[in-house]
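Please view the sequence and the structure before reading on.

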Amino acid sequence: MTQTRAARRHVPLLAVLLAALIATVLTPGRAAAASLREVTGFGSNPGALRMYRYVPDALPAGRPVVVALHGCTQNAAGYGTGSGWTQLADRWGFSVVLPQQQSANNATSCFNWFQTGDIARGQGEAASVAQMVDRQLADAAGDASRVYVTGLSAGGAMTAVMMAAYPEKFAAGGIAAGLPYGCAQAAGSPYVCMYVGATQSAQQWGDRVRAARPGYPGPWPTLVAFQGTADYTVKPVNMTDLTRQWTAVRGADQVADVSDSVAGYPHQVFRDPAGRTAVETYSITGMGHGQPVDPGSGAEQCGTAGAYVLDVNLCAAYRMGRAWGLG
């Protein structure tokens, strides 16, 4: 008698589960959940990094690739979920490459954006990330013209490294609480760069990028940057310097063509002489050091709040993805 009642109680539950399964399979445009997987043997890997990737199930060929670089004390899996990039990959249909630092390279798992041997083309960690891009494009038959790189803090600084050292690989970059390329060298110390900034003109900042890829005719990647005004780890002057650097590289002036607000936060757009966006910035009023997110299921929401992933009612990954035409 007890078994019969239990069986009866489970019938509605089984029906619900079956209906959900059918809906998942048959609903057009709905991406199936995938999982993060490690990839080995992706190249010579001179920077001794680990490669992870997230590929939505049944992702067709010819889709974009986003490289997402975690911050200090973080890891690939946590950053992929927390930032919202894996959520958006399912929503919009693209793959995500998630490089991971190893403690043998840096005790606090920071990418070594300040080490000359890791930020030059063909060397160290920069070369390892470039090899990951090549491997992912080959494995997923991705669109090589739609590869994007983004990151938080040290990962944001490494994003600038990839944009400078390998500009031909990336259509655009997105930096949260990051630093301009060559900042540690310009300031004489990574800590001076982070806490004070480096005294460089826009031309000098741009020259540092151009020297990273001598003779490169362009096009150079565009930039979307986010910075908290109450960030005492990477001071807001670094977003100002990023803007100077990448407007100079893209041939734009230092005067914003658009100054408005998005989700209540100051937002600016700098355009090149052809009217194309060169740099776009978001100044997140009152935010400390971290990646802006807006957890939830709304159309503009993404991410999960945590350490250095801050709920400010604006999801940086969503704003980057829209700027890049991903969704």
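Predicted model: local features only at pLDDT ≥ 70, side-chain atom pairs only at ≥ 80, totals over all residues.

R244 has 31% relative accessibility and counts as partly exposed, whereas D241 is buried, with a relative accessible area of 1%.

## The chain as a whole

The protein chain contains 11 helices and 12 strands. Of its 327 residues, 51% are buried. The chain exposes about 13700 Å², and carbon and sulfur atoms supply 53% of that area.

Contacts across the sequence can be described as well. Among contacts between residues at least 6 apart in sequence, 66% join residues at least 24 apart.

## The open sheet

Ten strands form an open sheet with mixed pairing, in the order β1-β2-β4-β3-β5-β6-β7-β10-β9-β8. The edges are taken by β1 (36-39) and β8 (258-262); each has a single partner strand, so one side of each is left without a neighbour in the sheet. On average, neighbouring strands of this sheet are turned by 20 degrees against each other, direction ignored.

Strands of a sheet pair through backbone hydrogen bonds, in either a parallel or an antiparallel manner. Strand β5 (residues 147-152) and strand β6 (residues 172-176) run parallel and are joined by five bridges. Within this part of the sheet, T150 stands opposite G174 in β6.

How many of the six residues of β4 are buried? Six of the six are buried, so the strand is largely enclosed by the rest of the structure. From β4, S95, V97 and P99 point one way, while V96, L98 and Q100 point the other way; all of these residues are buried.

Strand β4 pairs with β2 in the antiparallel sense, over five bridges. Here R53 is the residue that stands opposite V97 in β4. Strand β3, in contrast, runs parallel to β4, and three bridges join the two. V66 has V96 of β4 as its bridge partner.

Helix α5 (residues 124-140) lies across β1, β2, β3, β4 and β5. Helix α5 runs at about 35 degrees to β2.

## Further salt bridges

Side chains of opposite charge can pair when their charged atoms come close. The count for this structure comes to 11 salt bridges. One of them is formed by the side chains of K169 and D134, at 2.7 Å from N to O. K169 lies in the loop between α6 (154-165) and β6, and D134 lies in helix α5, so the pair ties together parts that are 35 residues apart in sequence. K169 counts as buried at 18% relative accessibility, while D134, at 39%, counts as partly exposed.

The side chains of E300 and R319 also meet in a salt bridge, at 2.9 Å from N to O. E300 is in the loop between β11 (291-293) and β12 (309-311) and R319 is in helix α11 (residues 316-323), so this pair ties together parts that are 19 residues apart in sequence. E300 is partly exposed, with a relative accessible area of 41%, whereas R319 is buried, with a relative accessible area of 19%. Elsewhere, R53, R135 and D139 are linked in a network of salt bridges.

## A nonpolar surface patch

Which residues make the nonpolar surface patch? Y191, V192, Y195 and V196 make this patch, which covers about 400 Å². One of these residues, V192, is found in helix α8 (residues 190-195). V192 is partly exposed, with a relative accessible area of 33%.

Definitions and conventions:
Residues numbered from 1 in each chain as written. Heavy atoms only, no water. Pairing = 2+ DSSP bridges. Helix = DSSP H or I, 4+ residues; strand = E, 2+ residues; numbered from the N terminus. Axes fitted to C-alpha atoms, helices over the stretch in contact; angles between N-to-C directions. Contact = heavy atoms within 4.5 Å. Patch = residues over 30% accessible without salt bridge, like charges linked within 9 Å, V, L, I, M, F, W, Y side chains within 5 Å. Areas by Shrake-Rupley, 256 points an atom, 1.4 Å probe, with all protein chains shown as cover. Salt bridge = Lys/Arg side-chain N within 4 Å of Asp/Glu carboxyl O. Buried < 20%, exposed > 50% of the residue type's maximum accessible area, 1.4 Å probe, protein only.
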